Amino acid sequence: VLTGNLMQRPVNTGSELCGVGPFDGNNYAACSGVNHNYGNPCKITMMGWFKTSYTAGYQYIMSVFDSTSNHAMGIAIESNHGGLYFFDSENGWNNSNNHEWHDNSVNVRDGKWHHVAGVYDAGVRKALYRDGNPVISRDPSGSLNLSGVTEHHLGYYSSNNSSISYPF
């Protein structure tokens, strides 16, 4: 479901590849009411292309939320250094079981196209890639349950499928 005035445009003159945007609190994309089972513990890969020069706050590129287990995951750009942020939480949005992985080695808010991929394979690895290069890879702690995901968000984070937090 597209909300607001999101537009599809070529990413460059003459390009067949198109981007969607601009995202904000009134313009976003969501897939709700469809159940997806990514496992308990989960195995999931999130990836996409983005371009931004916004520096005033966190920007979520994408996120998912499992309202049954209250577990969440997403990829964002953090506000202080402009690095990528790979987030997963076992008990809601703001708690002690958040597993936040930052890569502050490159500020990606440079107005250029970047590719990001986050891989979570419970008990094996959690990895973050920027422009095809691994930047963080570790064994994940905990057991993220994403067996009942009913919320997929593009361009923001939400823990209740109605509030819009950290728009891209």
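Ground rules first. Residues are numbered from 1 along each chain as its sequence is written, and side-chain values use heavy atoms, with hydrogens and water left out. Because the model is predicted, local features need pLDDT of at least 70 and side-chain atom pairs count only at pLDDT 80 or more, while totals for chains, interfaces and linings use all residues.

Confidence. pLDDT is the predictor's confidence in each residue, from 0 to 100. The chain averages 85, and 93% of the residues score at least 70. Strand β9, residues 98-103, is lowest, at a mean of 70. Strand β10 is highest, at 93. Strands here are DSSP runs of E, at least two residues, numbered from the N terminus.

Now the core. A nonpolar core is a set of buried Ala, Val, Leu, Ile, Met, Phe, Trp, Tyr and Cys residues joined through side-chain atoms within 4.5 Å. Buried means under 20% relative accessible area, exposed over 50%, partly exposed in between, with a 1.4 Å probe and protein chains only. The largest core has 26 residues. Those with the most contacts inside it are I44, F50, I61, M73, L84, Y120 and L146. A second, separate core has seven residues, among them Y60, A72, A76 and F87.

Take F50. What does F50 touch, beyond residues up to four places away in sequence? The list is I61, I77, L84, V108, K112, W113, H114, V116 and F168. Contact means heavy atoms within 4.5 Å.

Next, the sheet. Four strands form an open sheet in the order β5-β10-β11-β12, paired antiparallel. Two strands pair if DSSP finds at least two bridges between them. Why is one side of β5 and of β12 (133-138) left without a neighbour in the sheet? Both stand at the edges, so each has a single partner strand. Strand β11, residues 125-130, pairs with β12 over five bridges. In that region, K126 stands opposite R138 of β12.

S158 sits in the segment after β13 (149-154). Buried or exposed? S158 is buried, at a relative accessible area of 0%.

N70 is in the loop between β6 and β7. N70 is partly exposed, at 33%. N145 is 75 residues from N70 in sequence, yet 8.6 Å away in space, C-alpha to C-alpha.
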